Amino acid sequence: MSTAASTSEAGRSAPKPPDPARQPSEPQETLLYERRKKIHTLWVNGKFQYLRRFTLLVLVLIFYVFPWLTWGDHPAVWFNLPERKFVLLGATFWPQEFVFLSWLLIIGAFSLFFFTVLAGRLWCGYACPQTVWTYCYAWIEHVIEGDRNQRLKLEKMPWNFTKLRKKGLKWLLWALFAFSISITFVGYFTPIRELLPKIAAFDLGSWERFWILFAAGMSYLLSAALREQVCFHMCPYARFQSVMFDRDTMIISYDEDRGEPRGARGRKVEDEGSGANLGSCVNCNLCVHVCPMGIDIRNGLQYQCIGCAACVDVCNSVMDRMGYERNLVRYSSEHEDQHEKRSGLRPRLIGYGAILLAMMIAFSWGVGTRVPLELDIIRDRNRLYRENWDGAVENVYTLKIMNREQRDRSYNISVAGVIPFEYSGKEVARVPAGTLLSLPVRLVAGPEERYDSNIPVTFILETTDEPSFKVSHESRFLSPARGGGGGR
Ligand code: SF4
Ligand code: SF4
């Protein structure tokens, strides 16, 4: 079974009418079930690659540095699964607050939609973890084995000491790098300052051991071994991103009008198209050699293209050497390709942008006004009320006080209701940072005070020091119906 490699899955509109003078490139056919050919990319420099390296470096630094940061006595970012809490920059989030996590995920999704409509696969080319880690593994390979031609030579070489030394060193560095990723990853769950001594003393728990080995293995497999295959066959985003594109979305494209008919030539052909009636493309194939996906952008937009812009940078360097105008391969929109005006503000972009902005405002407001204290009231389930010898009725409650701050706090406890209650229990509760305190208390009401068998009562907690805030929680005070009697 075969298919034309030039088939675009990215939803471009109808092509321009063919120019009879042009000699279109031959369609290339690839087998769907052919054996994977390892891609040896050429190292390329250029403004987009510098930007990309900067972005990747920032992301890698964030990943490695965050587990080492502390806030108070705790790591600044800590997924504390045994205690079911998540610490972020001094704030403790509990499972009840995972609505914030869902908001973050929704914001992430709409950011992806927004930037995809704006500029195509920015996420894939500049920020996706698969891209980031693959780039790091590829860089290690480049440093040890050399650039594309040296690596191709090494591949063809029979196994000898040089090949064994280079390959062995590369695999060793890859493995060390994979373990550095997995240990850092586990460091988000077990504080890394405790984790490293445990590793040194071979004193890891079974879950830590499992996740370090599993994450290292997956990192090595996905980013060092499988690389572009993950984007081709596993990533769903590559398959549906085209539905978000419109005719003004910025994509990487080849200027066919200018480039064709392509053909090799010497540098003597200084004016584009002169002499041999050729277009600007010198058919050097460098845009294919730098492509981490191994595709030829001259065949049109393909779903495999991750928008890394390596082909833009290398083609610009070729154009510079030839003395031709730059941007034969460039960021452009479908409208621009058809010499039409590109519209910056489009309904889809405005729609995604408005939702994204609204979600970010709501999220900031939610986090900003969040009270780092939670009060829950649990009534005694065994006995609804107890009637004393003098006719007074008492109810027993358990106050669950959750201090979500990263410092110990004391709270005044008070009760408000439509009748005066006698409160029996601690009036000031001290709760250590990030913990939950269970406090049994009793309320008593005299017979003359009770007008109903089910009276609302409000428990109020107020901090004793600054910054001050208070929370309240309503419960019920139960007693025998008037005319009834007997405790339960
Ligand atoms: S790098 Fe530019 S000139 Fe060279 S083959 Fe690709 S498009 Fe043509
Ligand atoms: S075609 Fe160009 S932009 Fe797309 S993945 Fe290949 S090198 Fe990157």
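## A guided tour of the predicted model

Begin with ligand 2, whose shell divides into 13 nonpolar residues, one polar and no charged. Here Ala, Val, Leu, Ile, Met, Phe, Trp, Tyr, Cys and Pro count as nonpolar, Asp, Glu, Lys and Arg as charged, and the others, Gly among them, as polar. Of the 14 residues around ligand 2, select Cys 291, Ile 297, Cys 305, Cys 308 and Cys 311, which come nearest; a residue is near a molecule if its C-beta atom, placed from the backbone, lies within 6 Å of it.

This is a predicted model, in which local features need pLDDT of at least 70 and side-chain atom pairs count only at pLDDT 80 or more, while totals for chains, interfaces and linings use all residues. Residues are numbered from 1 along each chain as its sequence is written, and chains are lettered from A and ligands numbered from 1 in the order in which they are written.

Helices (H or I, at least four residues) and strands (E, at least two) are DSSP runs, numbered from the N terminus.

Now select the largest nonpolar core, which has 30 residues. Such a core is a set of buried Ala, Val, Leu, Ile, Met, Phe, Trp, Tyr and Cys residues joined through C-beta atoms within 7 Å, and a residue is buried if 20 or more other C-beta atoms lie within 10 Å of its own. Ile 252, Cys 287, Ile 297, Ala 310, Cys 311 and Val 329 have the most contacts inside this core. Both β8 (251-254) and α13 (310-322) supply at least two of its residues, and α13 gives the most, with five. Centre the view on Ile 252: its contacts (C-beta atoms within 7 Å) include Ile 297, Cys 305, Cys 311 and Val 329. A second, separate core of 12 residues includes Trp 133, Trp 174, Ile 181 and Ala 224.

Finish at the open sheet of four strands, ordered β15-β13-β17-β18 with antiparallel pairing; strands pair if DSSP finds at least two bridges between them. At its edges lie β15 (428-431) and β18 (470-478), each pairing on one side only. Seven bridges join β13 (residues 409-417) to β17 (residues 454-463). Select Ser 414 to find Ile 460 of β17 opposite.

Notes: Two residues are in contact if their C-beta atoms, placed from the backbone, lie within 7 Å. Lists of a residue's contacts leave out its neighbours within four places in sequence.
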